[in-house]
Amino acid sequence: MNDVKLAVLGGEGTGKSALTVRFLTKRFIGEYASNFESVYSKHLYLEGKQLNLEIYDPCSQPKKAKFSLTSELHWADGFVIVYDISDRSSFAFAKALVYRIREPQTSHCKSCVLHFRAVESAVLLVGNKQDLCHVREVGWEEGQKLALDNRCQFCELSAAEQCLERETECEQGKSGERGRQNLKQAPGSELSAQSPTWGSNSQTARS
Ligand SMILES: Nc1nc2c(ncn2[C@@H]2O[C@H](COP(=O)(O)OP(=O)(O)OP(=O)(O)O)[C@@H](O)[C@H]2O)c(=O)[nH]1
C-alpha cells in the first residue's frame, strides 16, 4: 500500500479543519477546538490503487515563524493551501505559502530528497467558503492565476454546503464541480487521528 502524506495549510480560520473533517467524514462540523495539531489517517482507493492517506491539520500558531515550513516540507508529499474567499488577507497568506513551497531553495523538500532531483510537491490551492460569495473579496480568477503561475491545482469549495447548489446563485462560482474530490473510501477503511510525530505542539489529537 502506498503512503501519501498531505499537509493542510493556510491562514487562521480559513476552514482547514472543516475541509479536512468534511473530506474524511462527509460532514460539516461548525466549530472545532483549535488548540491541537493532528494527523488523520485513512485508507482509500484512488484510480484503482489502495492508499494510506495521512493528513496533517495544524492548529493556528500566530507567533510561529509563519513561512519556515521546514518540518512540513520534510514530512509532506503534497500540500493543500486553503484561503477564505471572503477574506483577502487569507489570500495573501496563501500566496506567501505557495511562494515558500515553490521557491528554488526549497530543495530539501521530501520529494526532492527521495528522487534525488527537482521533483515538485503537489499543491492544491483551495478557495474555501464559496457559500459566502456574496461577500467575496478574492475573485475566482485571482485564485486560478496564482495556481497557474505556480504549477498548482485550484478549486473553490464550501466545507459548509454543497457547492453545486451555490453555483446557480453565484455568478463566479464555476469551480465547485472541478473541486470535487474523486476519492473513494475503501471498504472497511478506517479513519483515525493521532498526534504528529513532529511539530511544536504535539499533543492529543482532537476528536
Ligand atoms: N460559511 C462558511 N464557514 C465555514 C466554512 N468552513 C469553515 N467555516 C467556519 O469557519 C470557522 C473556522 O473554521 P475552521 O475549520 O476551524 O478553520 P481552521 O482554518 O481550521 O481554523 P484554525 O485552526 O483556528 O486556523 C468556523 O467557524 C467554521 O464553522 C465554509 O465553507 N463556509
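## A helix to start with

Helices here are DSSP runs of H or I with at least four residues, strands are runs of E with at least two, and both are numbered from the N terminus.

## What you are looking at

This is a predicted model, in which local features need pLDDT of at least 70 and side-chain atom pairs count only at pLDDT 80 or more, while totals for chains, interfaces and linings use all residues. Residues are numbered from 1 along each chain as its sequence is written, and side-chain values use heavy atoms, with hydrogens and water left out.

The protein chain contains 7 helices and 8 strands. Of its 207 residues, 48% count as buried; buried means under 20% relative accessible area, exposed means over 50%, and partly exposed lies in between (1.4 Å probe, protein chains only). Among contacts between residues at least 6 apart in sequence, 72% join residues at least 24 apart. A contact means heavy atoms within 4.5 Å.

The predictor's confidence in each residue is called pLDDT and runs from 0 to 100. Its mean over the protein chain is 75, and 64% of the residues reach 70 or more. Among the elements of the chain, α5 has the highest mean pLDDT (98), and strand β7 (residues 184-185) has the lowest (36).

Over residues 172-193 pLDDT stays under 50, and the model has 59 contacts beyond four places in sequence for this stretch. Residues 195-207 are also below 50, with 40 contacts in the model beyond near neighbours in sequence. Where pLDDT is low, the predicted coordinates should not be read in detail. For the complex, the predictor gives an ipTM of 0.98 and a pTM of 0.77.

Which residues of α3 are buried? They are Ser90, Phe91, Phe93, Ala94, Leu97, Val98, Arg100, Ile101 and Arg102. Their cover includes β1 (2-10), α2 (70-75), β4 (78-84), β5 (122-128) and α5 (140-149).

In soluble globular proteins, nonpolar side chains tend to be buried together. A nonpolar core is a set of buried Ala, Val, Leu, Ile, Met, Phe, Trp, Tyr and Cys residues joined through side-chain atoms within 4.5 Å. The largest one here has 27 residues, and Ala7, Leu9, Phe79, Ile81, Tyr83, Ile101 and Leu125 have the most contacts inside it. At least two residues of this core come from each of β1, α2, β4, α3, β5 and α5, and α3 gives the most, with 6 residues. Apart from this core lies another, of 16 residues, among them Val8, Tyr40, Val82 and Leu124. Beyond four places in sequence, the residues that leucine 9 touches include Pro58, Leu69, Phe79, Ile81 and Leu97.

Helix α1 (16-25) is mostly covered, with 7 of its 10 residues buried. These are Lys16, Ser17, Ala18, Leu19, Thr20, Val21 and Leu24. Just after α1, lysine 26 takes a positive phi of about 65°.

Is arginine 27 buried or exposed? Arginine 27 counts as exposed because its relative accessibility is 59%. You can find arginine 27 in the loop between α1 and β2 (38-46), in contact with Val21 and Arg22 once its neighbours within four places in sequence are left aside. Arginine 27 and alanine 159 are 132 residues apart in sequence and 8.5 Å apart in space, C-alpha to C-alpha.

## Leaving aside neighbours within four places in sequence, aspartate 84 is in contact with Thr14, Ser90, Asn128, Lys129 and Val138. Its side chain makes a polar contact with the side chain of lysine 129 (3.4 Å). A polar contact is a pair of N or O atoms within 3.5 Å; within protein, one must be able to donate a hydrogen and the other to accept it, and residues adjacent in sequence count only if both atoms are side-chain atoms.

Arginine 136 is in the loop between β5 and α5 and is buried, with a relative accessible area of 16%. The side chains of arginine 136 and glutamate 156 make a polar contact (2.8 Å). Glutamate 156 is 72 residues from aspartate 84 in sequence and 9.4 Å from it in space, C-alpha to C-alpha.
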